[in-house]
Amino acid sequence: MTEPQNASPLLHIDGLRIDLPLDGAPRTVVHRADVTIPEGRAVALVGESGSGKSLTARCVMGLLPGSARIHGDVRFAGESVPGMNAERLRAFRAAEVAMVFQDPRAHINPARSIGDFLIEGLTTARRVPSGEAVKKVTGILREVGIPDADRRMRQRPHELSGGLLQRVMIAAALAVEPRLLLADEPTTALDVTTQEEVMAIIGEAREARGLALLFITHDLELAAAVSDRVVVMYAGSTVEELPAARLRAHAAHPYTRALLASRPSVFDEAAELRSIPGRPLSGFEAPEGCAFSDRCTHVQDVCRSERPQPSPHGDAFAACHFPYVLASEETADHA
Amino acid sequence: MSLRFLSVRLGMLVLTVLVSSLAIYGAMFLTPGDPATLLVGGSRNPDPAVLAQIRSDYHLDDPFLAGYWHWLSNFLQGDFGQSLVYRDSVTGLIGDRAGDTVALVAYAAVLVLAGGMLIGTVAALRGGRTEALATTLTAGAMAVPTFVMAVLLIWLFAVRLPWFPVYGSGEGFTDTLAHLTLPAVALALSWIGYVAQVTRTAVRGELRSEHVETARSRGVPERVVIRRHVLHNASGAMFAVSGVGIAGLIATAAVAEQAFGTGGLGALMIEAASKQDMAVVQAVSLIFVIVFVVINTGVDLISAAVDPRIAAQKGAIR
């Protein structure tokens, strides 16, 4: 992916493999993840639970447990994250990346006040005087749509709704002025109406600050709507990467196409909801060949024996022996 | 902490004391024989004149509730009646011995709080072998009852190591402390184990919690993460179990006092019970109940102040 305005990418995940001990034996939970995010761009990492998308994101922040073995590399502005020592990693987390977690009720300390949570990143990790920190987070709270900041800061997490708490989490992430924001399914724990508001807040903040975003989701449509590029993961491997705008027409991997086909249609309510046969695999269950081979309608013998490597087509990549390539714009009916 | 939570807890305190006092007073009528005979102190042939005197003093011929109310209101005014066995006012008997029990329980409480919380916290934070060793030792400590520990300590220090006195209560501060060491250890040990286990589990749980991951993801120094998030959030469970532990110390203090001959309210109660001195048994029992309930309520209030969710949850159950 070569975009003219970017020389070196802000984040470059290159052939990442993660082994974690499960029941005592090391198991490969992520086989091969490749993700590149240029400065200021948004990339969505899409996959089902168990696909390894959250582990990949945690690896970017060095948040994997000490028992994890990491191969390949994660480079932030050219610097290897797995290669950082504890002190450098702490400084990196305090200033350059921030994460918005899925469930704000579990991820914000329930026994401390909202104000404590908001300023903590600045006061303890960056030694900003607390008066200054309070002033700063008050401004950001207004920006994310929490006008009565003074009152909210005195409250405890259990006194706030889920949507409000997620805004608090976003405000806390923005307060440290990171260059990269990681959002791990930030709307999954919320109800539908607040989901849209939260996504809009993230989008506005990103635009205002030129922030890069790694957006983790299981929702392909949402991914395409909020990001520049979409990366699809299946059973511990990134299987496809392409520009978000071309997702519908140009998706080349059978898994991506099957996911797109299984969305309910707004226009044809009578249409039967399609699903992908079989069940999703976790990274450590992936067979030797293509992980999707058991569920793929185009499977051939080579798919079962040989794992496909990501290969480029245009400015996109797909890891498939028989990628769907558009013969002509008219005949898009393949599946 | 809401005013409602506070009033609910205090109301429950009063209710518990009332119900227990009713049981303690009523027990006198449930025991076989004439309450007046019990109050005399179990002598075989009490003088009928003395019995009549007791009947009127204790309002035994009044209806049950009137007699109970008379006893309770006197108790609340600090008048615990007369011990016919000791030929002294019960208030005086208790006043003479309360200090010994307070000192013993306070000593043991310090051991439980400091020892239990320290062992549990270190075990959870270090993990590995330290944790395995601490878990095994504290599980063992939990299993040893006070009277067994008392016998073991007496044997060890009386026969093998002359470091601490094994009998009596001592004079002056340092001597008293030395005399109270073994009883306090015997009393505290199983509670140290208990508090250490609960502390370890609580700290472990917080270390794995999502909000701790958040704090780490923000580059908060590990020291601060441990203090502000792990220990702060685990402290609710730590205080709760310590409170139960300290209240439990009061209940078992009698065993240690009796075994080491340190004297105190527990020893007084055992002695009074064996001499069937009902007035003393009643007064000491009710004092123990009140102290027990007050400590438990205090712990609840502290827990609620530390973690406001507790007040929100418990206040809602009505």
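Student: Which residues of chain A does UniProt give for the feature "domain: ABC transporter"?

Tutor: Good place to begin! The feature comes from an unreviewed UniProt entry, and the model we are looking at is predicted. In chain A, the record places "domain: ABC transporter" at residues 11-260.

Student: Why does the radius of gyration of chain A agree with a compact globule?

Tutor: Start from the length, because a compact globule with 335 residues would have a radius of gyration near 20 Å. Chain A agrees with that, and its own value is 21 Å.

Student: What share of the residues of chain A count as buried?

Tutor: A residue is buried if 20 or more other C-beta atoms lie within 10 Å of its own. Applied to the 335 residues of chain A, this gives 43%.

Student: Which element gives the most to the side of chain B that touches chain A?

Tutor: The contact takes 21 residues from chain A and 19 residues from chain B. On the chain B side, the elements that give two or more residues are α10 (222-260), α13 (308-316) and α9 (210-217). The one that gives the most, with six residues, is α9(B).

Student: What separates the centres of domain 1 and domain 2 of chain B?

Tutor: The domain assignment of chain B puts domain 1 at 3-90 and domain 2 at 99-274. Taken over C-alpha atoms, their centres are separated by 35 Å.

Terms used. Residues are numbered from 1 along each chain as its sequence is written. Chains are lettered from A and ligands numbered from 1 in the order in which they are written. This is a predicted model: local features need pLDDT of at least 70, side-chain atom pairs count only at pLDDT 80 or more; totals for chains, interfaces and linings use all residues. UniProt positions are given in the numbering used here, feature names are shortened, and annotations may be inferred rather than shown by experiment. Two residues are in contact if their C-beta atoms, placed from the backbone, lie within 7 Å. Helices (H or I, at least four residues) and strands (E, at least two) are DSSP runs, numbered from the N terminus. Domain bounds come from an automatic or database domain assignment. The radius of gyration is taken over C-alpha atoms; the globule rule is 2.2 Å times the number of residues to the power 0.38. A residue is buried if 20 or more other C-beta atoms lie within 10 Å of its own, exposed if 12 or fewer, and partly exposed in between; C-beta atoms are placed from the backbone.
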